[in-house]
Amino acid sequence: MEDQERSADTPRDRDTRQRWQREREEVLSEYGTWRLTGEQDAPASAEVQTLETLLRLKAERLDSPDVGLWSEELTEELLTRTVPRTVIQPREQVMDMVPTLGRFFRHLRETGRWREESMAPDDVPRILRELEFAALEAADDPTRRSFSTNILGYGLSLGVELEDDDELAAFMHWYNALPDEERVALSETGRLAEPSRPYDRDREMREVADADGSGRPWPWFLPAPEEGADPLREVDLDLDEQSYRANGFVRSAATVLEFVGEERQGRRLTATGALRRHDVRELLGRMGTETEVHSMWDHPELTGPWVTLLDGGWIEQDGGVIRRAEGPVPYARAAQDPEGFVEFGHAVLTALLFGKDARDREDGGFRGMPDTLAAMLEVCRPGGLTLTRPVAEGDERDGPRIPLDERTGQPDHLELARWVHVAADLDDLVGSGAIRRQGDHYEGSPVMMVALVSLLKERGPSGPTILS
């Protein structure tokens, strides 16, 4: 299991990672076949999983996406620094890691994928022998690991299924209940010889369930929900084409479609799947943004609608070219077909929310759901939402107070994370033009409220009770 302390991806990161992933999948598929051909009972599946993790970390953490490029320095950095800090795995898997990598290197050389800039083939056996011990030593060294990997690695040693959300919540409930000195020791060393509160899975699971009650508590940083409140009752639902024209996201989506559609053969794309720089400059100019252009992925007002249009099928990428497509609801110009433009506007806003809700947070999806949905309902009501930065108890500044952890008396970092995730989600929507922000104040619109209600109906009653 990998460390979850990662920053949010940009669309450019996502596109680049997808290209790396396609290359990795190809070579790993070849490796699995090669491995089983040479040894019928080989643990090919486990080895492919190990190699997939190593290749992804090599690309994302060490900026080395080429599967065939392996210098001695890069390999040492990966195995003795990056892996211990980001990967949680049993000791036996650490012991198998270097021999698996050695077999992978042999496969790369036999298939002609080994780069000349890599370490000399004659030096590989010696280097790997040295790294086999160094990697194991690094995995056993708590100073090489992060705060999270020390804690979660200890959970793994107790038999906690870290991929199971309920088990992970139970383990973290136990960890948070430990005295301060024991939590510090565990986070720094990954070990705790005689905890004052021994871990009892069943007990912790029961306590978490009792604490959760019928659902996640309402976000402490939002206004309390009104009894029987209906979000649609408080907004003007006279949603003509002007209402959708006023939404920056819809305007940008329409501009992108018209720009792409002007070229019958489509617009050429770069290797990262972006429009070329001169096209980006012209398109941003049509959107009213005059700025220096380096890459399309640096402009959320363009990439937000772009990703949604691509996901929804309004534009299609094929062979390095982007073309207009019909989409689930055809695009219509507001001046020529007002009703058609309204239908398109609602469809593209709904696609924006559904797409971000469906993605993992690492792929540009919402980070704070279902809290973000509760916040967005406030944003889109008349008056909007002021989301002031929270402060700790005792701080003289104004702002909502971070709840205290009842067991430690300290600010609850999990509750603070809820605020951070919601703020990041709202800012992403601001960047794409879907909502507006001035200082700490966010404002939506009736058209966004209608799209939100569609998402609310689709999600059902999971999470906090959004509508009492």
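Student: What order do the strands of the open sheet have?
Tutor: This is a predicted model. In it, an open sheet of 3 strands runs in the order E4-E6-E5, and the pairing is antiparallel.

Student: Which are the edge strands?
Tutor: Strand E4 (385–386) and strand E5 (436–438). Each of them pairs on one side only.

Student: How many bridges join E4 to strand E6?
Tutor: There are 2 bridges, and the two strands run antiparallel. E6 covers residues 441–443.

Student: Which residue in E6 stands opposite Leu 385?
Tutor: Tyr 442 does.

Student: Which helix lies across E5 and E6?
Tutor: Helix H16, residues 413–431. The angle between H16 and E6 is about 55°.

Student: Now the core. Which residues touch the most other members of the largest nonpolar core?
Tutor: Leu 275, Trp 306, Met 376 and Leu 387. That core has 66 residues.

Student: Which elements give two or more residues to this core?
Tutor: They are helices H11 (248–261), H12 (277–286), H13 (300–312), H14 (338–358), H15 (371–379), H16 and H17 (446–459). H17 gives the most, with 9 residues.

Student: Back to Leu 387. What is Leu 387 in contact with, leaving aside its neighbours within four places in sequence?
Tutor: The contacts are Phe 221, Leu 222, Trp 419, Val 422, Ala 423, Leu 426, Asp 440 and Tyr 442. Tyr 442 is the residue that stands opposite Leu 385.

Student: Which residues does the second, separate core include?
Tutor: Leu 54, Val 94, Ile 127 and Leu 136 are among them. This second core has 29 residues.

Student: What should H2 span, and how far apart are its end C-alpha atoms?
Tutor: H2 has 17 residues (44–60), so at 1.5 Å a residue it should span 24 Å. The end C-alpha atoms are 24 Å apart, which agrees.

Student: New topic. Where is Thr 350?
Tutor: Thr 350 is in helix H14.

Student: Is Thr 350 buried or exposed?
Tutor: Buried. Its relative accessible area is 13%, and buried means under 20%, so Thr 350 qualifies.

Student: What lies 2.8 Å from a polar atom of its side chain?
Tutor: The backbone oxygen of His 346.

Student: And what is Thr 350 in contact with, leaving aside neighbours within four places in sequence?
Tutor: Ala 451 and Ser 454.

Notes
Residues are numbered from 1 along each chain as its sequence is written. This is a predicted model: local features need pLDDT of at least 70, side-chain atom pairs count only at pLDDT 80 or more; totals for chains, interfaces and linings use all residues. Side-chain values use heavy atoms; hydrogens and water are left out. Two strands pair if DSSP finds at least two bridges between them. Helices (H or I, at least four residues) and strands (E, at least two) are DSSP runs, numbered from the N terminus. Contact means heavy atoms within 4.5 Å. Axes are lines fitted to C-alpha atoms, for helices over the stretch in contact, and angles run from 0 to 180 degrees between N-to-C directions. The expected span of a helix is 1.5 Å times one less than its number of residues. A nonpolar core is a set of buried Ala, Val, Leu, Ile, Met, Phe, Trp, Tyr and Cys residues joined through side-chain atoms within 4.5 Å. Buried means under 20% relative accessible area, exposed over 50%, partly exposed in between (1.4 Å probe, protein chains only). A polar contact is a pair of N or O atoms within 3.5 Å; within protein, one must be able to donate a hydrogen and the other to accept it, and residues adjacent in sequence count only if both atoms are side-chain atoms.
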